[in-house]
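Let's walk through this structure together, one step at a time. Please have a look at the sequence and the model first.

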Amino acid sequence: MRERHRKPREKPDRKAFSRTAAFLDELELGLQPPLQLWGSHTLYLERCGGVLDFGEGYIRFTAGKVPVTVFGRDIRVEEYRDGRLLVRGSFTSVEFG
């Protein structure tokens, strides 16, 4: 009979696991507002705190307590109702903070 050689099991990175678990817990509790980018042309945010500023080529709003700035061309707010924000345009970058 042939002898099998087993690779030693690698221990999971507990810090990375706990960070991931904490993030998932926050999502389940609704502490993190879901921000979705669909391609480079559509942004959807639930629980938007409000539009802080907008101008030629950018829009700044709050996602929970975090300010977010989206840069691009032809940026326009399609809908903002009941804390839901829908923005369309040609996005080049997104900055958090």
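Contact here means that heavy atoms lie within 4.5 Å of each other. We will need that later on; keep in mind too that this is a predicted model.

In which order do its strands lie? The six strands form an open sheet, and reading across it gives E1-E2-E6-E5-E4-E3, with antiparallel pairing. Strand E1 (35–38) and strand E3 (48–55) stand at the edges; each has a single partner strand, so one side of each is left without a neighbour in the sheet. From one strand to the next, the twist averages 40°.

Now let's go through some of the pairs. Strand E2, residues 42–45, runs antiparallel to strand E6, residues 84–96, and four bridges join them. To find your bearings there, look for Leu43, whose bridge partner in E6 is Val87.

On to the next pair: strand E5 (residues 66–81) and E6 are antiparallel and share 11 bridges. Phe71 makes a handy landmark, as it stands opposite Ser93 in E6. E5 and E6 form a hairpin with two residues between them. In that turn you will find Asp82, with a positive phi of about 55°.

Which residues make up the largest nonpolar core? There are 11 residues in all: Leu43, Leu45, Cys48, Ile59, Phe61, Ala63, Val68, Val70, Leu85, Val87 and Phe91. E2, E4, E5 and E6 each supply at least two residues of this core. You have already met one of its members, Val87, as the bridge partner of Leu43.

Leaving aside residues up to four places away in sequence, Val68 touches Ile59, Arg60, Phe61, Ala63, Val94, Glu95 and Phe96.

Let's finish at a loop. Is Lys65 buried or exposed? Lys65 sits in the loop between E4 and E5, and because its relative accessibility is 84%, Lys65 counts as exposed, the cut-off being over 50%. Lys65 and Gly97 are 32 residues apart in sequence, while their C-alpha atoms are 9.2 Å apart in space.

Methods:
Residues are numbered from 1 along each chain as its sequence is written. This is a predicted model: local features need pLDDT of at least 70, side-chain atom pairs count only at pLDDT 80 or more; totals for chains, interfaces and linings use all residues. Side-chain values use heavy atoms; hydrogens and water are left out. Two strands pair if DSSP finds at least two bridges between them. Axes are lines fitted to C-alpha atoms, for helices over the stretch in contact, and angles run from 0 to 180 degrees between N-to-C directions. Buried means under 20% relative accessible area, exposed over 50%, partly exposed in between (1.4 Å probe, protein chains only). A nonpolar core is a set of buried Ala, Val, Leu, Ile, Met, Phe, Trp, Tyr and Cys residues joined through side-chain atoms within 4.5 Å.
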